[in-house]
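I wanted a quick pass through this one before doing anything else with it. These are my notes, in the order I looked things up.

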Amino acid sequence: MRPPLIAGNWKMNKTPSEARALLADLVPRVSGAAGVEVAVAPPFPALEAAAAAVAGSPVRLAAQNLHWEPAGAFTGEVSATMLADLGVAYVIVGHSERRQLFGDTDETVARRAAAALDAEITPIVCVGESLDERESGRALDVVAAQVRGSVGPLGAAGAGRVVLAYEPVWAIGTGRTATSAQAQEVHARIRSVLGELAGPDRAAEVRILYGGSVKPDNVAGLMAEPDVDGALVGGASLDAETFASVVCFRV
Ligand code: PGA
């Protein structure tokens, strides 16, 4: 019902030449991963090289952000139309680094997600609590509010077309992963909020990825949870062999 999706978020890493080399190594390693959808999210300058490198393979292309306007006087921004023309299938929106460092809010995340959907690109909407919010017992409420704010404005049909990514901020790039039980607890809450927004049938189809220090040795445990439908992988996606081991978590 929900084919697992493993997406690599390269963040601000890899030149176009490096992207070509990484994908030349990665594509043959993951092409046989039955039943798992694989995507890579290079930085914008490497997208075209990446598109050529994954052409004809099952690896899908993702971008790391987009602006909500289709075109115009928005210096430094990139539109959904531009990404669609490159063959981008997914776009990450509202990553915690965008929220913390670049001013993204639930409202702007929802606008970005809506623009992606209009261009037939699936947004990967990121949510997640800070360490302080977890330690004060507010993780579930914070994440539920982010889902309502970032996905609610898309309407019931739109909310049913996104991918969600739960990424606890304290687990990103820290080597500290949420336990499978912690991830499952939050994912179940996210699905229940999606049920309110999109209806239970649509909510049952939405994939909810876990992100935050996913590695070859912890991915299988996370994926065994009923509401964990994939992973958004940062550091471990920058090396072909390591990322392929994450993708091939079943073997
Ligand atoms: P990480 O990053 O795997 O390096 O923790 C995950 C992310 O930020 O998407």
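**Entry 1: the ligand.** First, a reminder to myself that this is a predicted model. I began with the shell and asked which residues come nearest to the ligand. There are 13 residues around the ligand, and Lys11, His95, Glu167, Gly173 and Ser213 come nearest. By type, the shell splits into seven polar, four nonpolar and two charged residues.

The side chain of His95 has an N or O atom 2.6 Å from an oxygen atom of the ligand. Gly173 uses its backbone instead: a polar backbone atom there is 2.7 Å from a ligand oxygen. For the side chain of Asn9, the distance from an N or O atom to an oxygen of the ligand is 3.5 Å. Then I asked how much of the ligand the protein buries. On its own the ligand exposes 280 Å², and 97% of that is buried by the protein.

**Entry 2: positive phi.** Most residues other than glycine have a negative phi. Lys11, though not a glycine, has a positive phi of about 55°. Lys11 is also among the residues that come nearest to the ligand, and its place is the loop between strand 1 and helix 1. Is Lys11 buried, exposed or partly exposed? Its relative accessible area is 21%, so I logged Lys11 as partly exposed.

Glu120 is another non-glycine with a positive phi, about 65°. I found Glu120 in the loop between helix 5 (106–118) and strand 5 (122–127). The relative accessibility of Glu120 is 66%, so it goes down as exposed.

Entry 3: Pro42 is in the loop between strand 2 and helix 2 (47–54). Buried or exposed? Pro42 is buried, since its relative accessible area is 0%. I then listed what Pro42 contacts beyond four places in sequence: Trp10, Leu47, Ala50, Leu61, Ala62 and Gln64. For Trp10 I also took the C-alpha separation from Pro42, which is 5.3 Å across 32 residues of chain.

Gly175 sits in the loop between strand 6 (163–166) and helix 9 (180–198). With 58% relative accessibility, Gly175 counts as exposed. I also checked Gly175 against Ser245: they are 70 residues apart in sequence, and their C-alpha atoms are 17 Å apart.

**Entry 4: two buried residues.** Leu194 belongs to helix 9. It has 0% relative accessibility, so I have Leu194 as buried. Which residues does Leu194 touch, not counting those up to four places away in sequence? The list is Val147, Val151, Ala159, Leu164, Gly199, Ala203, Val206 and Ile208.

Ala231 is in strand 8. At 2% relative accessibility, Ala231 is buried too. Leaving out residues up to four places away in sequence, Ala231 touches Leu5, Ile6, Ala7, Leu209, Tyr210 and Val214. For Leu209 I noted the C-alpha distance to Ala231: 4.6 Å, at 22 residues apart along the chain.

**Entry 5: helix 12.** I finished with residues 240–247, which make up helix 12. Which residues of helix 12 are buried? They are Ala240, Phe243, Ala244, Val246 and Val247. Looking down the axis of helix 12, I get an arc of 155° that holds its buried residues, so they line one face of the helix.

Then I asked what covers the buried residues of helix 12. The cover includes strand 1 (5–9), strand 2 (37–41) and strand 8 (230–233), along with helix 1 (16–30) and helix 11 (219–223). Strand 8 is where I had already placed Ala231.

Conventions. Residues are numbered from 1 along each chain as its sequence is written. This is a predicted model: local features need pLDDT of at least 70, side-chain atom pairs count only at pLDDT 80 or more; totals for chains, interfaces and linings use all residues. Side-chain values use heavy atoms; hydrogens and water are left out. Buried means under 20% relative accessible area, exposed over 50%, partly exposed in between (1.4 Å probe, protein chains only). Helices (H or I, at least four residues) and strands (E, at least two) are DSSP runs, numbered from the N terminus. The arc is that of the directions from the helix axis to the C-beta atoms. Contact means heavy atoms within 4.5 Å. A residue is near a molecule or strand if one of its heavy atoms lies within 4 Å of it. A polar contact is a pair of N or O atoms within 3.5 Å; within protein, one must be able to donate a hydrogen and the other to accept it, and residues adjacent in sequence count only if both atoms are side-chain atoms. Accessible areas come from the Shrake-Rupley method with a 1.4 Å probe; for residues, only the protein chains shown count as cover. Ala, Val, Leu, Ile, Met, Phe, Trp, Tyr, Cys and Pro count as nonpolar, Asp, Glu, Lys and Arg as charged, and the others, Gly among them, as polar.
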